[in-house]
Amino acid sequence: MMQLTNAVKQILIVNIILFVGAMLVPALNIYLPLYYFENPMFGWWQMVSHMFMHGGLMHIFFNMFALVSFGVVLEHFWGSKKFVLFYFLCGLGAAVLHTVVNYWQFHEAYNSLVEMGAPQSSINSILESGNLFYQDNTVNTLSTSYKMPVVGASGAIYGLLVAFAFMYPNAELALMFIPVPIKAKYFVPAILLLDLILGLNGGSFFGGSTGIAHFAHLGGALVGFLLMWYWRKNQFNQNRWDRYGH
């Protein structure tokens with residue numbers, strides 16, 4: 001097994017410390033997840049802190065397993081500074097796209113309720129209530145967009161997946177729920193397409209209610225793709241200059 005690299009090890013340790021810490025200090029579960037920015041619970045630090053919070057043992061296990069599996073390879077190739085920059089930019093990209101989609105969903109639901117004649121007092125009551133899920137789809141969208149916080153490193157992890165597929169497209173990924181190894185260049189686009197479909201339909205890959213921030217995954221993947229495209233293009237231009245310049 002490949003030895004842990006410095007940045008991966010430190011990110012892993014911080015995630016584990018905060019996972020255990022959140023069980024011992026419940027206030028961390030209130031202030032560190034990412035809330036919708038028009039919610040009074042929102043804090044600017046949550047754009048980063050949510051990346052180190054997780055909703056359960058399986059959640060943190062799969063994210064940290066992927067961090068080690070792909071992050072160690074990438075950090076070996078890039079070095080720690082470039083890896084950390086990439087990781088956090090992907091995590092921020094995940095937060096930004098999730099927030100943008102949340103904003104659109106919230107105001108679509110809000111405007112729909114207003115057009116249906118719902119009084120402002122009723123809408124305020126929904127937003128101030130402790131209830132999260134409602135039977136009515138429009139009310140449910142309004143409530144969950146406004147109240148449901150986001151946790152997890154998945155957005156940054158999706159960025160790592162994209163980078164790995166860029167650099168090692170023919171590497172075969174053996175996953176525990178798929179018996180046949182699949183090349184990275186096929187697996188990563190397929191899982192991104194699945195996330196897009198589920199995100200648009202409000203579904204969950206594991207069945208049942210959503211609870212998965214699919215657009216956060218896609219945001220991390222998008223930033224990862226743009227960074228890889230820029231770095232590869234920049235590297236090509238630099239190599240061309242070194243070869244033909246002067």
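Which residue just after α5 takes a positive phi? Gly117 does, with a phi of about 95°. Welcome to this predicted model, a protein chain whose secondary structure comes to 10 helices and 2 strands. Here is a short tour, from the chain as a whole down to some single residues and the spaces between them.

**The chain as a whole**

- The protein chain has 246 residues, and 41% of them count as buried.
- Take the contacts between residues at least 6 apart in sequence: 66% of these join residues at least 24 apart.

- Buried residues of α1 are Ala7, Val8, Ile11, Leu12, Asn15, Phe19, Gly21 and Ala22.
- The cover over these buried residues of α1 includes α2 (28–31), α4 and α5.
- Helix α5 runs over residues 80–115, which makes 36 residues. From first C-alpha to last it reaches 52 Å, close to the 52 Å expected at 1.5 Å a residue.

**Gly79, between two helices**

- Gly79 is found in the loop that lies between α4 and α5.
- With a relative accessible area of 25%, Gly79 is partly exposed, because values between 20% and 50% fall in that class.
- Thr5 is 74 residues away from Gly79 in sequence, yet their C-alpha atoms are 9.1 Å apart in space.

**Leu218, in helix α10**

- Leu218 has its place in helix α10.
- This leucine, Leu218, has a relative accessible area of 14%, so it is buried, the cut-off being under 20%.
- Setting aside neighbours within four places in sequence, the contacts of Leu218 are Leu97, Leu192, Asp195 and Leu196.
- Cys90 and Leu218 are separated by 128 residues in sequence and by 9.8 Å in space, C-alpha to C-alpha.

**The second largest pocket**

- The second largest pocket holds about 290 Å³ of space.
- Two or more lining residues come from each of α4 (57–78), α8 (154–167) and α10 (214–244).
- Helix α10 gives the largest share of this lining, 5 residues.
- Around the second largest pocket stand Phe77, Trp78, Lys82, Phe166, Met167, Tyr168, Met228, Trp231, Arg232, Asn234 and Gln235.
- By class, the lining of the second largest pocket divides into 7 nonpolar, 2 polar and 2 charged residues.

**The cavity**

- How many cavities of 30 Å³ or more does the structure hold? There is 1.
- About 40 Å³ of space lies in the largest cavity.
- Lining the largest cavity are Leu34, Tyr35, Tyr36, His98, Thr99, Asn102, Met148 and Val150.
- This lining of the largest cavity has 5 nonpolar and 3 polar residues, with no charged residues.

How values were computed:
Residues numbered from 1 in each chain as written. Predicted model: local features only at pLDDT ≥ 70, side-chain atom pairs only at ≥ 80, totals over all residues. Heavy atoms only, no water. Helix = DSSP H or I, 4+ residues; strand = E, 2+ residues; numbered from the N terminus. Expected span 1.5 Å × (residues − 1). Buried < 20%, exposed > 50% of the residue type's maximum accessible area, 1.4 Å probe, protein only. Contact = heavy atoms within 4.5 Å. 1 Å grid on protein atoms, 1.4 Å probe; cavity = no way out; pocket = protein on both sides within 12 Å on 5 of 7 lines; lining within 4 Å. Points joined across faces, edges and corners; volume = space filled by probe spheres on them. Nonpolar A, V, L, I, M, F, W, Y, C, P; charged D, E, K, R; others polar.
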